[in-house]
Each structure stands twice: as C-alpha cells, then as structure tokens.
Amino acid sequence: MPQFKLKDGRELEILDNGINSDSAIVFHHGTPGHASMWTDWLESAASAGIRAIAYSRAGYGTSDRHPGRSVISINSDIAQILDGKNIDKFVSIGWSGGGPHCLANTLEPRNVGAISLAGVGAYGVDDLDFLEGMGPENHDEFGAALKGEAVIDKWMQDNAGSMKSVTGAEIREAFGGLIGDADKAVLEGEAADHMAASMRSALAVSFDGWIDDDLVFIKPWGFDLRSITKPVFIWQGDDDFMVPHAHSYWLEKHIPTATLSFKSGEGHISLGIKYRTEILAQAQSLLK
C-alpha cells in the first residue's frame with residue numbers, strides 16, 4: 001500500500017481512489033482497523049465520481065506510531081494529506097473508533113461536514129456510562145487500558161493474538177460477545193473475508209495502533225464538541241455491543257449541529273453494509 005510521508009518523518013499508509021477532484025471524502029477506520037476496510041466504499045465513491053481517501057491511523061499496519069497522540073492530533077496528519085493531495089474541501093466519515101477522529105476534522109478549515117457511523121462517545125463524563133451495554137470483551141480491554149500502557153500492552157499480548165491471523169470463517173467467533181444477531185447475519189462470505197483481511201493488515205506489524213486508540217479514548221479528546229459548527233450526521237443501530245446506542249444519543253445531545261439517524265435492529269457492522277449508498281449520498285450532498 002502507498003505510504004505518505006509526514007513532516008515529522010512518520011509515514012502513513014494511504015489509499016486514494018484516483019478520481020480527479022479537489023474535493024474528497026476522508027475515511028477514518030475503527031478500532032482496531034486499517035485503510036483497507038474502506039476499499040469497497042472507495043470503489044462505490046469512484047463509481048459516483050467522488051474522490052475518496054482512506055488511511056491507516058498511526059500505529060496500524062505499516063503506519064508509524066505516534067506516541068502520546070490524542071483525538072485532536074489527527075488534524076495535523078489529515079491537513080498534511082490534504083495538502084499533499086491538493087484537496088480544498090472534504091467530508092470526514094468515521095466508523096466506531098474513527099468517529100471521534102472524524103468529528104475532530106470539523107475543526108479543520110477545509111472540512112464541510114462529518115458523518116459518524118456508530119462512533120464512540122467520551123469517557124469519564126457525567127452523562128454517559130461509557131461501558132454500559134458493551135460486550136464483556138470491551139469491559140476487560142478498557143479495564144486494562146485504565147491501568148496504563150504496560151497493562152493494556154500485556155492484555156493485547158495475552159488476548160488479542162488470534163486477531164493477527166483471523167480468517168473469514170473465524171471472524172464471528174473472534175468478536176465473541178461484541179456482536180449481536182444483526183452483525184452475525186452480515187459477517188459471512190465475502191464480507192467476513194474482507195473484515196478478517198483488514199484485521200490481519202491492521203495488526204500485521206504490532207498492536208501499537210490498537211493500544212494507542214484505547215489510551216486515546218479514556219482521556220480528553222482535545223476539543224469541545226459544542227464548538228462544532230459544521231453539519232454532523234450520526235448513524236447508529238441498537239443491536240450494537242461494541243458502541244451501544246447511548247453513545248450516539250450522547251453525541252447528538254452535545255453537538256449543536258448533529259442529526260441522528262437511528263436504525264432499529266442494525267448492529268455495529270451491518271449499519272455500514274446496509275446503508276452505504278445512503279451515507280455516500282449524504283457525503284456527496286455535503287460536498288456540493
């Protein structure tokens with residue numbers, strides 16, 4: 001996968017669907033995740049004549065680690081990608097752990113809006129119980145993260161190794177209690193193979209990106225959601241045990257420009273698979 005060189009010497013994996021345009025969609029993957037998870041979306045965007053770019057967040061795949069990063073740190077990386085790709089206007093789309101990062105992008109001057117797909121809310125706030133409704137694996141994982149980097153590092157070594165080699169036939173079992181019936185129904189065949197391949201790519205070098213994401217989510221994001229002035233569209237299902245629907249209600253409450261599309265019966269993964277066409281159309285409308 002092509003590498004993009006940043007000013008501080010780090011490199012990021014990057015995918016560009018090749019459409020000739022100075023406006024684009026920038027995709028932020030989940031936790032754990034990898035740029036390759038968006039390949040179908042990039043192809044669909046290309047078919048609609050929309051330029052689209054995806055990247056692997058610091059520490060994932062062959063993207064270099066950025067120790068101590070916070071959510072707002074992503075804006076420096078994205079700004080440099082925009083400069084390098086001659087992008088004057090963009091919409092940010094983030095799934096799951098990519099949700100906060102796409103929201104941070106609304107503070108970048110070239111951003112015209114954000115779309116958060118089952119995006120995580122903030123930890124340690126009075127009006128959101130971050131872990132309530134999550135599967136048991138998330139309780140264990142974030143419990144380790146709260147004890148510090150050394151503990152979450154060991155937790156990854158002890159518990160996440162199977163994800164480094166997971167296959168499509170194994171992906172549903174690997175997710176365990178983090179997926180419900182809606183997600184199990186779509187995680188089969190090509191979709192399961194694609195998800196598993198993306199996970200293998202994300203963790204091929206190390207767990208660093210996953211570890212750093214977990215540490216990022218339990219500290220302040222570095223910006224105030226109430227300062228967002230760009231349009232924000234939030235998509236969420238209620239059969240979601242990775243990011244329960246309370247997170248999206250919380251985001252809607254705290255973002256002045258937010259519009260929530262709540263899809264009853266959809267899960268964390270099925271949401272993006274079933275509503276891709278509508279979400280891309282929403283992004284295209286923002287770019288116009």
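Helix axes are here lines fitted to C-alpha atoms over the stretch in contact, and the angles between them run from 0 to 180 degrees between N-to-C directions. Helices (H or I, at least four residues) and strands (E, at least two) are DSSP runs, numbered from the N terminus. The structure is a predicted model, in which local features need pLDDT of at least 70 and side-chain atom pairs count only at pLDDT 80 or more, whereas totals for chains, interfaces and linings use all residues. Residues are numbered from 1 along each chain as its sequence is written, and side-chain values use heavy atoms, with hydrogens and water left out.

Two packed helices are described by the angle between their axes and the distance between the axes. The axes of helix H5 (residues 149–159) and helix H9 (residues 208–217) come within 10 Å and cross at roughly 135°. H5 and H9 are therefore oblique to each other, given that angles under 35 degrees count as roughly parallel, over 145 as roughly antiparallel, 65 to 115 as roughly perpendicular and the rest as oblique. The crossing of H5 and H9 is right-handed; a crossing has this hand if the near helix is turned clockwise from the far one by less than a right angle, and is left-handed if the turn is anticlockwise. On the side of H5 the contact (heavy atoms within 4.5 Å) is made by Glu149, Ile152, Asp153 and Met156, and on the side of H9 by Trp210, Ile211, Asp214 and Leu215. These residues of the contact of H5 with H9 divide into five nonpolar, no polar and three charged, where Ala, Val, Leu, Ile, Met, Phe, Trp, Tyr, Cys and Pro count as nonpolar, Asp, Glu, Lys and Arg as charged, and the others, Gly among them, as polar.

H5 also packs with helix H4 (residues 136–145), at an angle of about 145° and with the axes 7 Å apart. In this pair, Glu137, Asp140, Glu141, Ala144 and Ala145 of H4 meet Val151, Ile152, Trp155 and Met156 of H5, and the residues of the contact divide into six nonpolar, no polar and three charged.

Asp208 is found in helix H9 and counts as partly exposed, at 21% relative accessibility; buried means under 20% relative accessible area, exposed over 50%, and partly exposed in between, with a 1.4 Å probe and protein chains only. Leaving aside neighbours within four places in sequence, Asp208 is in contact with Gly59 and Arg65. The C-alpha atoms of Phe262 and Gln236, which are 26 residues apart along the chain, are separated by 5.1 Å. Gln236 is also one of the residues that Phe262 touches, together with Gly237, Asp238, His245 and Tyr249, not counting residues up to four places away in sequence.

With residues up to four places away in sequence not counted, Phe175 touches Glu137, Met163, Leu187, Met195, Met199, Met242 and Ile269.

Helix H2 (residues 74–84) is mostly covered, eight of its eleven residues being buried. The buried residues of H2 pack against strand E1 (3–5), strand E2 (11–16), E3, strand E4 (52–55), strand E5 (89–95) and helix H3 (99–104).

Backbone geometry was examined next. Most residues other than glycine have a negative phi, and most peptide bonds are trans. H2 is followed by Asn86, whose phi is positive, near 55°; Asn86 is found in the loop between H2 and E5 and counts as exposed, at 58% relative accessibility. Phi of Ser96 is also positive, near 60°, but Ser96, in the loop between E5 and H3, is buried, with a relative accessible area of 8%. A cis peptide bond, with omega about -10°, joins Thr31 and Pro32, and Pro32 has its place in the loop between E3 and H1. Ser36 lies in the loop between strand E3 (23–28) and helix H1 (39–47) and is buried, with a relative accessible area of 14%.
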